[in-house]
Amino acid sequence: MLVTAGLLVTATPDGPVRDGAVLVGEGLIRAAGPRERVEALAPPGTPRHDYPGGTLLPGLINCHVHLVFDASMDGMGKVREADDLSLFLGMADRARRLLDSGVTTVRDLGDRGGLSLRLRDAIAAGLLRGPRVLAAGPPLTVPGGHCWYLGGEVGDEAALRAAVRARAEQGADLVKLMVSGGQTTSGGAGMSESQFTPEQVRATVEEAHRLGLPVAAHAHGTEAIAASAAAGVDTIEHCTWLTGDAYDPREDVAALIASRGIAVCPTTSPGWRAMARWIGEERAALLQSRLPWMRDLGVRLVMGTDAGLPGSVFDDFAGSFTLYEELGFSHERIIEMATADAADALGIGGETGRIAEGLRADLLVTDGDALTGVEALRRPLLVVKDGVAHVPPPRPE
């Protein structure tokens with residue numbers, strides 16, 4: 001197929017192209033650039049999709065989702081009560097909604113019983129429609145710790161190493177480690193408290209890397225962030241910089257994160273404005289200030305929403321981009337954080353995340369100029385995954 005648009009954003013050093021096009025063949029990008037040049041390469045009769053008022057860009061990558069949760073206020077309780085079939089059917093529906101919103105790849109960072117691995121395989125086999133899934137399976141946590149009910153409880157270093165080996169044997173794409181506690185699990189460590197010692201974090205990373213698996217570290221607390229960076233995890237999730245109830249960023253730790261190339265996924269919800277009202281505008285502004293602060297220190301930021309948690313819906317990934325827009329991030333930078341930078345952080349930059357010859361044909365066309373406002377990214381007109389085109393239904397107002 002041939003896809004043309006008034007604006008082509010490739011997420012490569014080539015920069016944006018006005019009046020651009022992409023030629024797709026056998027699931028791959030065959031050519032991209034100015035429309036007249038790419039049109040000349042298309043065989044006669046090639047099906048085409050023309051969007052003169054739209055933006056053509058790489059398919060979006062949401063680096064942090066939980067397909068097992070339904071984004072309701074009682075989503076965690078529902079997971080504890082539901083059977084596997086009900087959970088799987090709900091996950092399949094949420095995956096479809098992600099694809100409809102322009103997300104062609106997701107990283108699932110915590111399910112129950114490995115259901116995300118089964119969903120990943122069903123989508124890859126063409127049995128279900130959804131984005132490409134990188135699946136961690138149940139996250140590793142201490143007994144009674146954050147999200148213990150998902151089945152990833154481990155008691156000591158030996159159990160951590162054994163759990164990592166089990167995930168490798170089950171075909172997980174990565175390991176999720178709950179280095180700190182979290183706000184959605186009662187009775188365990190709080191958000192700022194560490195669940196594992198620095199030695200245990202290091203042992204987990206060592207075992208996972210030995211088996212070729214990256215490690216995503218859930219870390220709200222400053223000490224948990226420091227332990228994760230020192231251990232050499234691949235990504236740090238949330239990275240909220242908390243000590244007790246205080247915001248406690250440490251420039252030396254941020255510098256270590258940057259120097260090691262560890263990506264940070266701050267997990268901004270599309271409902272960030274409502275969250276700010278809930279925790280208080282002043283506290284929200286303080287926590288949001290970590291985003292430009294880390295950027296300016298050279299930390300690589302990537303986009304993820306924690307989709308599935310209360311209020312973090314699956315059909316409005318681009319709604320989370322509005323926070324970065326308000327904080328002064330350029331529109332091109334925001335797109336790169338959700339495409340090329342995200343792909344690199346997840347280890348799939350050689351396959352997707354950019355519009356370049358030979359990469360997978362994962363594309364999104366949105367209504368309007370995405371370089372003048374992220375609101376355009378909330379209006380998908382065409383989604384292409386692995387060369388298969390789909391016109392999504394209009395998003396409800």
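Predicted model: local features only at pLDDT ≥ 70, side-chain atom pairs only at ≥ 80, totals over all residues.
Residues are numbered from 1 along each chain as its sequence is written, and side-chain values use heavy atoms, with hydrogens and water left out.

Now, the names. Helices (H or I, at least four residues) and strands (E, at least two) are DSSP runs, numbered from the N terminus. Two strands pair if DSSP finds at least two bridges between them.

Back to our strands. S5 and S6 (residues 103-108) run parallel and are joined by four bridges. They belong to an open sheet of three strands, in the order S5-S6-S7, with parallel pairing. Which strands stand at the edges? They are S5 (60-65) and S7 (132-135); each has a single partner strand, so one side of each is left without a neighbour in the sheet. On average, neighbouring strands here are turned by 15° against each other, direction ignored. Helix H4 (residues 115-124) lies across S6 and S7, at about 155° to S7. For such angles, axes are lines fitted to C-alpha atoms, for helices over the stretch in contact, and the angles run from 0 to 180 degrees between N-to-C directions.

There is another open sheet, with seven strands in the order S3-S2-S1-S4-S14-S15-S16 and mixed pairing. Its edges are S3 (28-34) and S16 (388-390), each with a single partner strand, so one side of each lacks a neighbour in the sheet. Neighbouring strands of this sheet are turned by 35° on average, direction ignored. S2 (residues 17-25) pairs with S3 in the antiparallel sense over six bridges, and one example is Ala21, whose bridge partner in S3 is Gly33.

A nonpolar core is a set of buried Ala, Val, Leu, Ile, Met, Phe, Trp, Tyr and Cys residues joined through side-chain atoms within 4.5 Å. Buried means under 20% relative accessible area, exposed over 50%, and partly exposed in between (1.4 Å probe, protein chains only). The largest core has 91 residues, and Ile236, Trp241, Ile257 and Phe321 have the most contacts inside it. Helix H3 (residues 84-100) gives the largest share, seven residues. Contact means heavy atoms within 4.5 Å. Leaving aside neighbours within four places in sequence, Ile257 touches several residues, including Ile225, Ile236, Trp241 and Val299.

Trp241 also takes part in an aromatic pair. Rings of Phe, Tyr and Trp (its six-membered ring) pair if their centres lie within 6.5 Å; planes under 30 degrees apart count as stacked, over 60 as edge-to-face and the rest as tilted. By that rule the count is four pairs. Why is the pair of Trp241 and Trp293 edge-to-face? The ring centres are 5.6 Å apart and the planes stand at 90°, so the pair is edge-to-face. It links distant parts of the chain, with Trp241 in strand S10 (residues 235-243) and Trp293 in helix H11 (residues 290-296), 52 residues apart. Trp241 is buried, at 0% relative accessible area, whereas Trp293 is partly exposed at 23%. Tyr324 and Phe329 are edge-to-face as well, 5.2 Å centre to centre with 85° between the planes. Tyr324 is buried at 1%, and Phe329 is buried at 4%.

Thanks, everyone!
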